[in-house]
Amino acid sequence: PSTAERNGTLDLLVVGAGPAGLACALEAKSQGLDHLLVDQEQLGGTVAHYPRRKLVLTQPVELPRHGKLTRSSYLKEELIELWQEVVRKEEVPLRTGLALEDVVAKDGGFEVRFAGGEVLHARNVCLALGRCGTPRKLGVPGEEATKVSYGLVDAEGYRDQDLLVVGGGDSAIEAALGLAEQPGNRVTLSYRRS
């Protein structure tokens with residue numbers, strides 16, 4: 001734990017360890033702030049949930065304390081590996097397994113509550129949550145069955161199956177296309193809008 005964690009109040013708590021959260025934590029280190037980067041799952045945020053070997057376009061990007069990324073595109077695994085190396089090299093304080101529940105203004109700062117009852121205090125909070133951290137569920141019977149998945153890791157693991165992809169965003173379309181490319185699959189895309 002950082003000094004501020006032990007003493008009770010961080011200068012900055014960054015919630016979400018995807019590309020934006022990592023960049024924020026690196027800049028906090030450059031500014032000399034006592035900070036902590038947390039995520040409900042793992043370093044990489046939404047990118048960590050991309051299908052295996054997905055090409056990730058980074059555009060010309062400069063990561064604080066690291067500099068410009070040397071390429072304009074990386075495979076998902078290459079980008080995650082690069083981020084892990086940056087976290088190790090820069091000694092970014094990172095904790096995973098903390099699912100955000102609430103942020104409450106308190107005593108000129110914030111009390112940040114996580115699932116399981118853990119509470120952290122910070123003068124400033126950066127919410128770098130991304131878009132895919134917690135899938136929306138419908139509260140219907142069967143949604144927790146083992147045959148139901150909330151993200152596609154490897155389309156090649158599905159062959160000769162009838163599959164339903166629910167949603168109309170980029171991730172749903174990419175999943176449907178990836179699954180449709182596998183031999184024998186019959187894929188239906190369901191979306192509530194036109």
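**Entry 1: terms and ground rules**

I take helices (H or I, at least four residues) and strands (E, at least two) as DSSP runs, numbered from the N terminus. By that rule, D11 is found in strand β1. The model is predicted, so I note that local features need pLDDT of at least 70, that side-chain atom pairs count only at pLDDT 80 or more, and that totals for chains, interfaces and linings use all residues. Residues are numbered from 1 along each chain as its sequence is written, and side-chain values use heavy atoms, with hydrogens and water left out.

**Entry 2: D11**

Is D11 buried or exposed? I use buried for under 20% relative accessible area, exposed for over 50%, and partly exposed for in between (1.4 Å probe, protein chains only). D11 has 18% relative accessibility and so counts as buried.

I then looked up its contacts, meaning heavy atoms within 4.5 Å. Not counting residues up to four places away in sequence, D11 touches G32, L33, D34, R123 and N124. A polar atom of the D11 side chain lies 2.7 Å from the backbone nitrogen of D34.

**Entry 3: salt bridges**

I count a salt bridge when a side-chain nitrogen of Lys or Arg is within 4 Å of a carboxyl oxygen of Asp or Glu. How many salt bridges does the structure hold? It holds seven.

D11 forms one with R123, and the closest N and O atoms are 2.7 Å apart. R123 lies in strand β10 (residues 119-127) and D11 in strand β1, so this pair ties together parts 112 residues apart in sequence. R123 counts as partly exposed, at 41% relative accessibility.

E118 forms a salt bridge with R95, with 2.8 Å between the closest N and O atoms. E118 is in the loop between β9 (109-114) and β10, while R95 is in strand β7 (residues 94-96), and the pair links distant parts of the chain, 23 residues apart. I noted E118 as partly exposed at 27%, and R95 as partly exposed at 26%.

R88 and E85 also meet in a salt bridge, at 3.0 Å from N to O. They are three residues apart in helix α3, so about one helical turn separates them. R88 is exposed at 52%, whereas E85 is partly exposed at 40%.

Last, I found a network of salt bridges that links D102, K106, E111 and R113.

**Entry 4: nonpolar cores**

A nonpolar core is a set of buried Ala, Val, Leu, Ile, Met, Phe, Trp, Tyr and Cys residues joined through side-chain atoms within 4.5 Å. In soluble globular proteins, nonpolar side chains tend to be buried together.

Which members of the largest nonpolar core touch the most other members? Of its 22 residues, these are L22, L37, L79 and W83. Two or more residues of this core come from each of β1 (10-15), α2 (19-30) and α3 (76-90). The most come from α3, which gives six residues. Apart from this core lies another, of ten residues, including L10, L13, V15 and L36.

I also listed contacts for L37, leaving aside neighbours within four places in sequence. L37 is in contact with V14, G16, A17, G21, L22, A25, V92, P93, L94 and R95.

**Entry 5: a surface patch**

I looked up L177, which is found in helix α4 (residues 170-180). L177 is exposed, with 54% relative accessible area. Together with I173 and L189, L177 makes a nonpolar surface patch of about 260 Å². Patches are made of residues with over 30% relative accessible area and no salt bridge; like charges are joined within 9 Å, and nonpolar side chains (Val, Leu, Ile, Met, Phe, Trp, Tyr) within 5 Å. The areas come from the Shrake-Rupley method with a 1.4 Å probe, and for residues only the protein chains shown count as cover.

How values were computed. A polar contact is a pair of N or O atoms within 3.5 Å; within protein, one must be able to donate a hydrogen and the other to accept it, and residues adjacent in sequence count only if both atoms are side-chain atoms.
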